[in-house]
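User: I am new to protein structures. Can you show me how to read what is inside one?

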Amino acid sequence: MAAPDEPPRPRRPPPDWLELPREITTTIFLKLGAVEILKTAELVCTAWRALCLDPTMWQTIDMRNDGEPPYDDLADMYRRAVDRSRGGCLDLNIEYFGDDELLQYAADGCNHIRRLRLVYCGNISDEGLCEAASKLPMLEVLELSYCSFSKEAIETVGQCCPLLKSFKLNSQGYRYPHIECDDEAQAIAKNMHGLHHLQLFGNKMTNEGLKTILDSCPHLEYLDLRQCFNIYMEGDLGRRCTEQIKDLRNPYDPTDDYEFDAAILNDESFDDDYLPWFSDIDLPDYDNYHVFPDFDDFSVYVFDAYQ
């Protein structure tokens with residue numbers, strides 16, 4: 001703190017953002033995403049406008065829908081971003097947005113895409129994904145999180161993209177109702193032998209599906225099985241995973257570093273496969289309850305019913 005009789009020190013002038021090196025400005029812009037670049041950054045001055053027109057700025061296209069602007073405006077900005085890349089887009093991210101036509105627009109214009117990420121893209125169909133994959137032979141990283149694609153679509157992607165090294169197929173984890181399905185695991189094992197990185201958060205596969213993947217994907221180094229509640233890692237399977245996989249996430253491992261909502265969704269009705277004796281008990285009428293009774297209270301009721 002300056003002495004009372006000393007003059008105040010002059011303040012430093014604010015940084016001149018226009019004087020930043022080009023590579024630093026580019027890095028900052030890429031963190032904004034395509035929407036903010038097109039809506040805001042390129043309108044600041046002629047220098048930033050020139051930078052935003054450079055095709056190298058659009059090697060990564062991060063297109064996220066946060067509710068604004070309207071869908072038609074988003075679609076227009078998406079096409080402008082793809083056009084500005086002049087075929088040079090290598091990394092395409094689409095979240096809460098998109099349809100078959102828009103995905104195809106990028107696949108037609110940028111067939112050297114190496115990373116494709118689709119998150120909550122419910123309007124992209126099996127046919128749309130397969131058609132795009134057929135035009136992306138250089139694809140190395142694919143994420144399909146909280147979308148809905150069939151086993152056949154996953155098989156086609158694996159066949160069309162032989163260089164695929166990383167695959168994420170994430171969904172909401174839940175325990176009830178009890179559903180077992182190894183279709184996706186079989187599609188991966190049959191068509192994605194070169195995988196090094198696999199994330200199957202919330203998948204319904206069983207131990208058999210996991211064994212098929214381990215047998216068919218010898219290069220796997222990272223495997224995320226969190227909230228895959230049909231997998232039991234005891235015995236030989238657990239030992240095999242530990243020995244074969246360098247970085248393994250088990251079904252009940254913490255989800256703190258998972259980027260999406262990891263809340264477990266359960267149906268209010270109980271699954272007969274888990275609690276077969278419920279049908280023999282006259283349960284009380286809970287229709288008028290706003291909150292399901294505490295488990296301790298419910299367990300006391302069940303205990304009394306058997307006395």
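Analyst: Start with contact: two residues touch when heavy atoms lie within 4.5 Å. This is a predicted model. Take Leu-210. Setting aside residues up to four places away in sequence, Leu-210 touches Met-205, Leu-223, Leu-225, Ile-231, Met-233, Leu-237 and Cys-241.

User: Which residues touch the most other members of the largest nonpolar core?

Analyst: General idea first. In soluble globular proteins, nonpolar side chains tend to be buried together. Now this case. The largest nonpolar core has 73 residues, and Leu-118, Phe-167 and Leu-210 touch the most other members. Helix α4, residues 71–85, gives the most to this core, with six residues. There is also a second, separate core of six residues, with Val-119, Tyr-258, Phe-260 and Ala-262 among them.

User: Now a loop residue. Is Gln-227 buried or exposed?

Analyst: Check the relative accessible area against the cut-off. Buried means under 20%. Gln-227 has 6%, so Gln-227 is buried. Its place is the loop between β7 (222–224) and α10 (235–244).

User: What is Gln-227 in contact with, leaving aside neighbours within four places in sequence?

Analyst: The contacts of Gln-227 are Gly-173, Phe-201, Gly-202, Asn-203, Pro-251, Thr-255, Ala-262 and Ile-264. Ala-262 is also in the second core.

User: How many cavities of 30 Å³ or more are there?

Analyst: Two. For each cavity, read the volume, then the lining. The largest holds about 100 Å³ of space. It is lined by 12 residues, and the closest to its centre are Tyr-174, Ile-179, Lys-204, Phe-229 and Asn-230. By type, the lining of the largest cavity has five nonpolar, five polar and two charged residues.

User: And the second largest cavity? What lines it?

Analyst: The second largest cavity holds about 50 Å³. Its lining is Leu-30, Gly-33, Ala-34, Ile-37, Met-57, Trp-58, Thr-60, Ile-61 and Asp-62. Strand β1 (60–64) and helix α2 (34–39) each supply at least two of the lining residues. The largest share, three residues, comes from β1. By type, this lining has six nonpolar residues, two polar and one charged.

Note on methods
Residues are numbered from 1 along each chain as its sequence is written. This is a predicted model: local features need pLDDT of at least 70, side-chain atom pairs count only at pLDDT 80 or more; totals for chains, interfaces and linings use all residues. Side-chain values use heavy atoms; hydrogens and water are left out. A nonpolar core is a set of buried Ala, Val, Leu, Ile, Met, Phe, Trp, Tyr and Cys residues joined through side-chain atoms within 4.5 Å. Buried means under 20% relative accessible area, exposed over 50%, partly exposed in between (1.4 Å probe, protein chains only). Helices (H or I, at least four residues) and strands (E, at least two) are DSSP runs, numbered from the N terminus. On a 1 Å grid over the protein atoms alone, a cavity is a set of points where a 1.4 Å probe fits but cannot get out, and a pocket is an open set with protein on both sides within 12 Å along at least five of seven lines; lining residues have an atom within 4 Å of a point. Grid points are joined across faces, edges and corners, and a volume is the space filled by probe spheres set on the points. Ala, Val, Leu, Ile, Met, Phe, Trp, Tyr, Cys and Pro count as nonpolar, Asp, Glu, Lys and Arg as charged, and the others, Gly among them, as polar.
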